[in-house]
Amino acid sequence: MKGDDSDGRSCAWSTEPCGWAGVVGYDGTRPDRASDRLGADQGASWSAQRTRAGQHQLSAEALLRCLLLGVWNNLSDPALEAQLRDRLSFRRFAGFSLSDRTPDHSTLWRFREELTCDGLIDRVFDEITRQLEQKGLIVKRGTQIDASFMQAAARPPAKPKKGEEGSTRPSADTDARWGRKGNKTVFGYKVHNGVDDAHTLIRRMDFTDASITDTEPADGLISGDEEAAYGDQAYYTHARHARLKQAGIKDRLMHRANKHHPLTPRQKLRNRLISTVRAAVERPFAVFKQRYGMRRLRFFNLATNRTQCMLAGCGYNLQRAAAVLFPRRKPA
């Protein structure tokens, strides 16, 4: 059955129009049953997959749900394949009946690679964020920006022996780089988040190698419709202060001292007050690393690791939205 988009195209993964039909909570509920979806006119052109049974088509939404289950439960693709076959809760969330054939690990991997193409994962993230904004969960009182290191899956390149030039053993991940922040040195990547301060939902994400400084992608993390922007000393520049002022956004970036201009007592007090507010920006990073197992990334290139981190951002926002919309009652 063809989709009802104006150009008549439909997603090749399924006979149904491709898209994300509503925000889906982790507990299997659908907080938003609206017909909003990512239409085929937004760039989805996924080729059908074959299984041992012949031409077996899977919906894009079902595969996306499967990848989210993998993120939430810190599962590799083979482990996710096994859990989808074994666990009724996984089948129910992904929309598979007991008789339906579930995707194997190679299908899951190929679908993730398709999400990487043409920025499709960004469209998924933007659509989820848009629906959360419709629900009134994104308040726009302020955006908190920060970045965190993610260690590469590959070992770093070996140091050359004395008297030799170049590296004797290059890293298997050619995109990863060394990064340093304070006394911490990491070989890998860096995730940059712009978080709404009301419910710590992620509004903007960026993913770079670890050598990129925090301040370089910072302007892209500020949406432009918030009342204030919060960040630590790494983000403050006179040029950014001027841009925020011109846009009508309150500058809540912590001031930093230099050898010629030490901080005044007033600036130190201001920094302390800002730090108490912006501390909440660490929550998504804590969830990524402690619950989603992303202290060390799984893949060996920037593009696929970026897609996995964007999926983690989608999964975090959905779980956080479900926690806000359907809070668990504490036992009396």
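Of the 332 residues of the protein, 45% count as buried, where buried means under 20% relative accessible area, exposed means over 50% and partly exposed lies in between, with a 1.4 Å probe and protein chains only. The model is a predicted one, in which local features need pLDDT of at least 70 and side-chain atom pairs count only at pLDDT 80 or more, while totals for chains, interfaces and linings use all residues. Residues are numbered from 1 along each chain as its sequence is written, and side-chain values use heavy atoms, with hydrogens and water left out.

The protein has 10 helices and 8 strands; these are DSSP runs numbered from the N terminus, helices being H or I with at least four residues and strands E with at least two. Contact means heavy atoms within 4.5 Å. Among the contacts with a separation of 6 or more, 63% come from residues 24 or more positions apart.

The expected span of a helix is 1.5 Å times one less than its number of residues. For the 13 residues of α1 this gives 18 Å, and its end C-alpha atoms are 18 Å apart, which agrees. The helix is mostly covered, with 13 of its 13 residues buried. Just after α1, N74 takes a positive phi of about 55°.

Helix α1 (residues 60-72) meets helix α4 (residues 105-116): their axes come within 10 Å and cross at roughly 100°. Axes here are lines fitted to C-alpha atoms, for helices over the stretch in contact, and angles run from 0 to 180 degrees between N-to-C directions. The two helices, α1 and α4, are therefore roughly perpendicular to each other, a label for angles of 65 to 115 degrees; those under 35 count as roughly parallel, those over 145 as roughly antiparallel and the rest as oblique. On the α1 side the contact is made by A60, L63, L64, C66 and L67, and on the α4 side by T107, L108, F111, R112 and L115. These residues divide into 8 nonpolar, 1 polar and 1 charged, with Ala, Val, Leu, Ile, Met, Phe, Trp, Tyr, Cys and Pro counted as nonpolar, Asp, Glu, Lys and Arg as charged, and the others, Gly among them, as polar.

H105 also has its place in helix α4. At 38% relative accessibility, H105 counts as partly exposed. Leaving aside neighbours within four places in sequence, H105 is in contact with D77, P78 and E81. The C-alpha atom of H105 is separated by 8.2 Å from that of A79, which is 26 residues apart from it along the chain.

In the loop between α5 and β3 lies K140, which has a positive phi of about 70° although it is not a glycine.

Helix α8 (residues 265-278) has 14 residues and reaches 20 Å from its first C-alpha to its last, close to the 20 Å expected. Its buried residues include N271, I274 and R278. Seen down the axis of α8, the buried residues fall within an arc of 70°, so they line one face of the helix; the arc is that of the directions from the helix axis to the C-beta atoms. An α-helix has 3.6 residues a turn, so residues three or four places apart point the same way. The buried residues of α8 pack against β3 (143-151), β7 (228-231), β8 (250-253) and α9 (282-291). On the other side of α8, P265, R266, R272, L273 and T276 are exposed.
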